[in-house]
Amino acid sequence: MRLPNAGHRRGGARDAVIELLAEQSCALSAAEIEQALAARRRQVSRASIYRVMDELAQIGQITQVEVGQGLVRFEPAHDGAAHHHHLVCQRCGALEPFADDALERAISRLSERLPGRVSEHEVVLRGRCSSCA
């Protein structure tokens with residue numbers, strides 16, 4: 001991540017959060033980040049996690065995934081092949097990433113017809129995960 005190049009210092013909590021997010025295949029909530037860090041014997045307050053998330057969001061290093069009911073999850077911003085969308089299970093709350101080339105082409109065609117410039121997009125589908133279906 002480009003945090004030092006954006007004028008931000010690296011720090012203990014910041015480094016721990018960045019390292020954790022870089023290892024994930026999909027988005028985590030602040031509570032999940034806090035729990036994962038505690039399991040690694042890194043005590044980082046929820047307030048510090050939100051502060052780091054705000055900094056990373058401001059410089060475009062993370063994506064905030066709004067999963068509904070006021071919940072937000074965070075993941076590194078993905079370009080190219082790593083770009084994916086999310087299915088949120090309405091029963092258990094699980095988050096499943098998915099990618100679909102046809103969906104990406106449809107979004108690209110739609111963005112050409114819109115009266116502005118689309119810089120990014122996120123698709124969140126709600127339903128039941130494979131375990132709850």
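The model is predicted, so local features need a pLDDT of at least 70 and side-chain atom pairs count only at pLDDT 80 or more, whereas totals for chains, interfaces and linings use all residues. Residues are numbered from 1 along each chain as its sequence is written, and side-chain values use heavy atoms, with hydrogens and water left out.

The pLDDT, which is the predictor's confidence in each residue from 0 to 100, averages 85 over the protein, and 88% of the residues score at least 70.

A nonpolar core is a set of buried Ala, Val, Leu, Ile, Met, Phe, Trp, Tyr and Cys residues joined through side-chain atoms within 4.5 Å, where buried means under 20% relative accessible area, exposed over 50%, and partly exposed in between (1.4 Å probe, protein chains only). The largest such core has 16 residues, and those with the most contacts inside it are Val17, Ile33, Leu37, Ile49 and Met53. Helices α1 (12–22), α2 and α3 (46–58) each supply at least two residues of this core, and the largest share, 5 residues, comes from α1.

Side chains of opposite charge can pair when their charged atoms come close. A salt bridge is counted when a side-chain nitrogen of Lys or Arg lies within 4 Å of a carboxyl oxygen of Asp or Glu, and the whole structure holds 5 of them, including those in the table.

| Salt bridge | N to O distance |
|---|---|
| Glu19 and Arg40 | 3.7 Å |
| Arg73 and Glu32 | 3.1 Å |
| Arg46 and Glu34 | 2.6 Å |

Arg73 lies in strand β3 (residues 71–76) and Glu32 in helix α2, so this pair ties together parts that are 41 residues apart in sequence. Arg73 is buried, with a relative accessible area of 13%, whereas Glu32, at 26%, counts as partly exposed.

Most residues other than glycine have a negative phi. Arg41, however, has a positive phi of about 65 degrees although it is not a glycine; Arg41 lies in the loop between α2 and α3 and is exposed, with a relative accessible area of 77%.

A disulfide is a pair of cysteine sulfur atoms within 2.5 Å, and a search of the whole structure finds 0 of them. Cys129 is in no disulfide, as the nearest cysteine sulfur, that of Cys132, is 3.7 Å away.

Terms used: Helix = DSSP H or I, 4+ residues; strand = E, 2+ residues; numbered from the N terminus.
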